[in-house]
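User: I would like to go through some charged side chains and the words used for them. Please set each value against its definition.

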Amino acid sequence: MAPSATAAARTLSKTEKLSANGKANGSAANGNGAASAAEREAIETKYRDFFWTYTEEPHRTRRLEIIKAHPEVTKLCGPEPLTKYVVAGVVALQVLLAHLLRNTPFFSWKFWAVAYVFGATSNQNLFLAIHEISHNLAFRSPKANRLFAIFANLPIAVPYSASFRPYHLTHHKSLGVDGLDTDLPTAFEAVFLDSILGKAFFCTFQIFFYALRPMVVYRIPMTWVHLLNVVVQLSFDYALVALLPSYFTLNSLLYLLLSSFLAGSLHPTAGHFIAEHYVYEKITPTERDPANHIPVPETFSYYGPLNFVTYNVGLHNEHHDFPAIPWTRLPKLHEIAKEFYADLPQHRSWSYVIWRFIFDEQIGMRCRVKRKQGGRVVGGGTAVAKVAAWTQEEIEA
């Protein structure tokens, strides 16, 4: 992977020049360098802001190019029957572990070790199973996919699957569009978490940011699927605590909740949340200027072993290019169209992604591409982005 963006270094270099010019030329209005300080502040603000762009998101364009070069890739689209068996196995494993830990003290090393190694990995797997199912890739019937996602949700212990789908599909349709793509950090997060401690806090409690942020950005209406998701999940949780005392206890539910928390915290598989769309590449001032219409790399893939337990979500450029291709066939897509993916930036380690995000001063909450004027081109035919006036039905489709 190429070196990260050196925005801070560029800022320092520019501010040093301004300071030197101010001293040499006496450019400050009051003779004490006040104007130079204002200029420095303006430059720091500019170079620490998000990566704004007028360009269309890259995946639609690349998808059309790949289909033109390799029309056979369209045959890879469609449901993957294996998904339902993997989900059933992971759900069974988590229920079994919840049973085995029913009498294990919550504040014991055994409880937390099992929750971190097995529980968090399993629940991250279920998070990404729901991600896969949200694209209708477990069954051909949309309704069957909605209902199966509710089943996959059970060990997560918090109703999540029904709300995830519309927000995630909007993320695909309006990648980087401020006010629509809830994967983007809010301005509040960018301001108050712009430090090592702030980024460490974000990485530790990622799960809460991803759960609460969508409701701050915009809310989706309640449907029968949302209601069913809540009723089924709360009934399952209640059964664990109160209805089957010989098999489960409150500790069983706490194990599932802790597994979900750790899956979205400082866990190797949680690195994919940051790795997918935070910009780790070196971005020049020319590329940063949205008026130049130069695309900034905004989706990053990972081809390492953790894909084995995460439905190949690391092949993220491939997934955004072809959301209708299931996890088992994404490597085949990569192989067929490898000339399109060989030169794209990628990560080698999700754990290292988290480490750099926290401790590298040049990487942080603002290292995301945001689209001006609604972002992606609606209907095509122009290089300049139009307003993406999505209707509520399109957003939730």
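User: Why is Asp 194 called partly exposed?
Analyst: Buried means under 20% relative accessible area, exposed means over 50%, and partly exposed lies in between (1.4 Å probe, protein chains only). Asp 194 has a relative accessible area of 29%, so Asp 194 is partly exposed. This is a predicted model, in which local features need pLDDT of at least 70 and side-chain atom pairs count only at pLDDT 80 or more, while totals for chains, interfaces and linings use all residues. Residues are numbered from 1 along each chain as its sequence is written, and side-chain values use heavy atoms, leaving out hydrogens and water.

User: What makes Arg 366 and Asp 194 a salt bridge?
Analyst: A salt bridge needs a side-chain nitrogen of Lys or Arg within 4 Å of a carboxyl oxygen of Asp or Glu. The closest N and O atoms of Arg 366 and Asp 194 are 3.8 Å apart, so the pair qualifies.

User: Why is Arg 368 called buried?
Analyst: The relative accessible area of Arg 368 is 2%, which is under 20%, so Arg 368 is buried.

User: What is the burial class of Glu 56, and why?
Analyst: Glu 56 has 17% relative accessibility, under 20%, and therefore counts as buried. Its salt-bridge partner is Arg 60, with the closest N and O atoms 3.3 Å apart.

User: How many salt bridges does the structure hold?
Analyst: The structure holds ten.
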